[in-house]
Amino acid sequence: MTDRDSALSIAGLGKRYGRAQVLDGIALDVAPGERVALLGHNGAGKSTLIKLVLGLTRPTSGTIRVAGHAPGSMAARVATAYLPEQVAFHKSLTGREQLTTFARLAGEPVKTVAPLLERVGLIDAADRRIGTWSKGMRQRLGLAQALLGHRCVALLDEPTSGLDPISRHDLYAVIDEMAANGTALLIASHALTELEARTDRIAIMARGRLVADDSLANLARAAALPTRIKLTARDGAADALHSELGGTRINGRAVELQCTTEQKMAQLARVTALGDAVRDIEMVPPSLEDLYRHYCGEGLK
Ligand SMILES: Nc1ncnc2c1ncn2[C@@H]1O[C@H](COP(=O)(O)OP(=O)(O)OP(=O)(O)O)[C@@H](O)[C@H]1O
Ligand SMILES: [Mg+2]
């Protein structure tokens, strides 16, 4: 990918706070329409990276380009949507008033406000003071703000925190819509199971360094983590199954095997040869959580 193809381009990025090296040698590109999950332990540097992209703080080394512009410049700000880790609004304003203010600041017509409130499910609460809203409702208003206008880049810092399951589902629908419209999305989150199916690429940070950056499938291949095969035995056949195949006895009836991707078909053949001693079989590939543990563990060594 060249710089010109990237909506967001980060190279050799370093950040120090006093003597602490908070970010070190980060290189990351996000293309238009791409959804990248940014994962990492508490204090890994995710929010710092986002603040540098916004131009809220300056890098110690390296370069960032937002739609070709320097962070913090007028052009970069217009090109960027941002949902902060902790959304803060004027408590005495109503939702409609607050979003109207944001629309004016973003140079967007006021007539976009009502449909946006509708889009994030806040139209019924729109004329109540934000001070009376729940946390999830304020989070949704933050999302509505991020949706104002067409942005080249969206930076979402833990967007699902405080959202109920249906709201999370709605949020990912909004994310998909933004990606389909060509916005490059960087989503910092700890919600691994949700992100697994919802993003195109996974970037993992550990202690200020990028320790993985690829599609889930490629990361899984490179990590060579085992697939688990769970077998449920016919009544009274668990011992025989265990002594024939090895693996681990899970409870009275189940045996669990582990194998690499290459060994999967051979293992299946062994299981099939046992006929009706096996009542059920379940294959569990490595999850994003397994991969996260693997890459984070490597990065913290
Ligand atoms: N203004 C600051 N001054 C000094 N240190 C800072 C500052 N901002 C962040 N840090 C430090 O930088 C490191 C990274 O913090 P950051 O907020 O980027 O982590 P994070 O990955 O977003 O974590 P979390 O998952 O908890 O949100 C932490 O050690 C933090 O203490
Ligand atoms: Mg953070």
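Biologist: Is glycine 182 buried, exposed or partly exposed, and why?

Modeller: In this predicted model, glycine 182 counts as partly exposed because it has 14 C-beta neighbours inside 10 Å. A residue would need 20 or more to be buried, and 12 or fewer to be exposed.

Biologist: Where does glycine 182 lie?

Modeller: Glycine 182 is in the loop between α6 (165-180) and β7.

Biologist: Which residues is glycine 182 in contact with, leaving aside its neighbours within four places in sequence?

Modeller: Those contacts are Pro32 and Gly33. As for cysteine 152, which is 30 residues apart from glycine 182 along the chain, 7.0 Å separate the two C-alpha atoms.

Biologist: Let us turn to the sheet. What is the order of its strands?

Modeller: The order is β5-β6-β7-β3-β8-β9, in an open sheet of 6 strands with mixed pairing. At the edges are β5 (80-83) and β9 (209-214), each of which pairs on one side only. On average, neighbouring strands of this sheet are turned by 15° against each other, direction ignored.

Biologist: In which sense do β3 and β8 pair?

Modeller: Strand β3 (residues 35-40) and strand β8 (residues 201-206) pair in the parallel sense, over 5 bridges. Within β8, methionine 205 is the residue opposite glycine 40.

Biologist: Which strands does helix α1 touch?

Modeller: Helix α1 (residues 46-54) packs on the sheet and touches β3, β5, β6 (153-157), β7 (184-188) and β8. The direction of α1 makes about 150° with that of β6.

Biologist: And which strands does helix α5 lie across?

Modeller: Helix α5 (residues 135-146) lies across β5 and β6, and runs at about 175° to β5.

Biologist: Now the ligand. Which residues are around ligand 1?

Modeller: The residues around ligand 1 are Tyr17, Val22, Gly40, Asn42, Gly43, Ala44, Gly45, Lys46, Ser47 and Thr48.

Biologist: How many residues of the shell are nonpolar, polar and charged?

Modeller: The shell around ligand 1 divides into 3 nonpolar residues, 6 polar and 1 charged.

Biologist: One last topic. How is the protein divided into domains?

Modeller: Domain 1 covers 3-221 and domain 2 covers 226-285.

Biologist: What separates the centres of the two domains?

Modeller: The centres of domain 1 and domain 2, taken over C-alpha atoms, are separated by 44 Å.

Key:
Residues are numbered from 1 along each chain as its sequence is written. Chains are lettered from A and ligands numbered from 1 in the order in which they are written. This is a predicted model: local features need pLDDT of at least 70, side-chain atom pairs count only at pLDDT 80 or more; totals for chains, interfaces and linings use all residues. Two strands pair if DSSP finds at least two bridges between them. Helices (H or I, at least four residues) and strands (E, at least two) are DSSP runs, numbered from the N terminus. Axes are lines fitted to C-alpha atoms, for helices over the stretch in contact, and angles run from 0 to 180 degrees between N-to-C directions. Two residues are in contact if their C-beta atoms, placed from the backbone, lie within 7 Å. Domain bounds come from an automatic or database domain assignment. A residue is near a molecule or strand if its C-beta atom, placed from the backbone, lies within 6 Å of it. Ala, Val, Leu, Ile, Met, Phe, Trp, Tyr, Cys and Pro count as nonpolar, Asp, Glu, Lys and Arg as charged, and the others, Gly among them, as polar.
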